[in-house]
Amino acid sequence: MRKINQIYIDGQFITPSGTEYAPLYNPATEEIIGEVRLADATDATAAVSAAKRAFVSYSKTSKKERIALLRRLSASFSERMDDFKAAMLEEYGAVRGVIDNLLPYAPQMFENAAKTLESYEFTQTRGATTIVMEPVGVSAVITPWNLSVVFTAQKIAGALAAGSTLVVKPSELSAIQTHIVSEAVHAADVPPGVINIITGRGSVVGNALTTHPDVAKVSFTGSTAVGQQIMRNAAETFKRLTLELGGKGPTILLDDTDLATSIPAALTLGFLNNGQTCFAGTRILAPRSRLDEVLETIESAMSDFRVGDPQDPSTGVGPVVSQKQFDIVQSYIRLALDEGAELLVGGEGRPQGVEKGWYVQPTIFTGVTNQMRIAREEIFGPVLVVIPFDDEEEAVSIANDTPYGLQAQVFSGDTARAHRVARQIEAGTVLVNRIFSDHEAPFGGIKQSGIGREHSTYGLESYLEPRAITS
Ligand code: NAD
């Protein structure tokens with residue numbers, strides 16, 4: 001049994017003032033594997049004070065010093081990759097494909113930020129004005145449990161590059177990963193108070209940070225509902241906001257696509273991270289003229305998405321993170337059947353022969369209209385829908401008929417045609433014949449998928465305020 005009973009404030013591992021312990025589970029076995037002592041509002045205040053003190057000198061550091069710090073962090077995170085892998089597997093059932101393909105993004109985030117800094121000019125001139133890009137101030141970073149290490153690294157990198165100091169509040173469900181992140185930060189010789197990391201409940205620590213008058217900016221990745229609450233809290237003191245929220249992304253298969261490659265790609269993205277990915281393409285839009293062929297290709301591709309033990313390297317889909325998430329996903333599968341959708345693969349309950357573990361059968365529905373709740377709401381589990389369209393215009397109209405706008409995919413044999421369609425999709429990112437975004441590009445959502453962008457200069461500038469000096 002693991003016992004995590006320290007938080008990281010002002011360069012030191014300390015016992016939190018909070019006294020509540022939360023259990024940690026292995027979703028593959030449902031067993032309790034440890035417990036974490038949670039920080040409280042007093043700890044949040046101490047962390048903000050440390051970040052505020054550190055801001056005085058860190059905000060004045062040179063580009064060279066920040067680049068060196070970012071490179072030390074990249075090296076330090078790289079050294080802990082095996083520990084991160086073990087924690088992701090144990091703590092949320094991440095499968096080998098996700099760990100191998102996505103975890104390397106964590107050290108890369110620091111490298112990318114260092115590269116962005118190299119060519120970034122903090123002092124710019126426009127006409128008679130000198131524009132000085134100043135660090136925004138103490139930033140609160142709040143992250144979800146899925147891909148916790150990557151999202152945390154991404155936000156730390158952006159804030160540090162800009163000269164801001166931070167308080168990080170990762171999810172309560174990621175305590176093991178968070179502890180390793182804290183150790184990696186400590187090993188990178190980060191000046192005390194520049195990065196403070198405290199695990200606590202959203203309703204307690206998250207609330208304390210998003211209402212604290214000394215916090216200038218909140219960068220949040222998580223659900224749309226919590227994003228709305230954070231925006232309300234932030235309004236009181238006009239905090240700057242980056243909100244990376246939920247999605248219900250369309251994957252459009254135009255009628256000239258090669259289904260033998262686009263269907264496996266669509267399913268890989270749809271079931272990514274056991275179906276728990278904000279940018280997943282959970283609505284597959286298929287040409288009615290090729291619908292039978294699409295459904296047959298999906299059925300035969302399903303052998304690559306076998307659900308099972310995440311320890312087994314051949315497993316394509318592992319368990320969902322918690323009993324609560326398992327129950328939510330099951331209720332959506334029942335809802336889909338009640339709404340009149342037809343099962344193509346999967347269905348209710350655990351896979352045959354599996355008695356425990358929060359395993360959901362990878363499930364795909366056909367006979368779905370875009371008005372059904374399963375086509376409109378984020379499920380956050382391995383459940384996809386196939387919606388037919390008659391022509392390009394209808395595909396675009398279905399794709400855009402959603403409250404979300406995070407990421408979309410267009411697959412076509414004709415790149416120029418795919419780009420023409422992509423330009424009409426309302427989403428922060430539209431990928432053509434690929435499923436992973438480019439870290440040189442801005443990432444973030446429109447509509448209810450969020451506000452602001454991360455990565456590259458867009459991410460850097462989200463932690464900066466321009467000051468105009470005109471003579
Ligand atoms: P969540 O919104 O429940 O929690 C996210 C974080 O917010 C956690 O650290 C939580 O403790 C904290 N929190 C909860 N209530 C809070 C409050 N009142 N004030 C401040 N903080 C609070 O999300 P989750 O279940 O951890 O993650 C899944 C969600 O995250 C999905 O909706 C998914 O789409 C979204 N997500 C979005 C992106 C993106 O880049 N757009 C990436 C990953 C996940």
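Colleague: Where does Q311 lie?
Modeller: Q311 lies in the loop between α12 (291-301) and α13 (323-338), where helices are DSSP runs of H or I with at least four residues, numbered from the N terminus. Please keep in mind that this is a predicted model, in which local features need pLDDT of at least 70, side-chain atom pairs count only at pLDDT 80 or more, and totals for chains, interfaces and linings use all residues. Residues are numbered from 1 along each chain as its sequence is written, and side-chain values use heavy atoms, with hydrogens and water left out.

Colleague: And what is Q311 in contact with, leaving aside its neighbours within four places in sequence?
Modeller: With those neighbours set aside, Q311 is in contact with L89 and R96, contact meaning heavy atoms within 4.5 Å. The C-alpha atoms of Q311 and V95 are separated by 7.2 Å, although these two residues are 216 residues apart along the chain.

Colleague: Changing topic, at roughly what angle do α3 and α7 cross?
Modeller: The axes of α3 (residues 81-92) and α7 (residues 175-187) cross at roughly 160 degrees and come within 8 Å; axes are lines fitted to C-alpha atoms, for helices over the stretch in contact, with angles running from 0 to 180 degrees between N-to-C directions. The two helices are therefore roughly antiparallel to each other, a term for angles over 145 degrees, whereas angles under 35 count as roughly parallel.

Colleague: Which residues make that contact?
Modeller: On α3 they are D83, F84, A87, M88, E90, E91 and Y92, and on α7 they are A175, I176, Q177, I180 and V181.

Colleague: What about α5 and α6, how do their axes cross?
Modeller: The axes of α5 (residues 105-118) and α6 (residues 148-162) come within 8 Å and cross at roughly 20 degrees, which means that α5 is roughly parallel to α6. Y105, A106, M109, F110, A113 and L117 in α5 meet V149, V150, A153, Q154, I156, A157 and A161 in α6.

Colleague: Last topic, which residues come nearest to the ligand?
Modeller: Of the 28 residues around the ligand, T143, E172, S223, L245 and E378 come nearest, where a residue counts as near if one of its heavy atoms lies within 4 Å.

Colleague: Which ligand atom is 2.6 Å from a polar backbone atom of L245?
Modeller: That is a nitrogen atom of the ligand, while an oxygen atom of the ligand is 2.8 Å from a polar backbone atom of T143.

How values were computed. Parallel < 35°, antiparallel > 145°, perpendicular 65-115°, else oblique. Polar contact = N/O pair within 3.5 Å; in protein donor to acceptor, adjacent residues only side chain to side chain.
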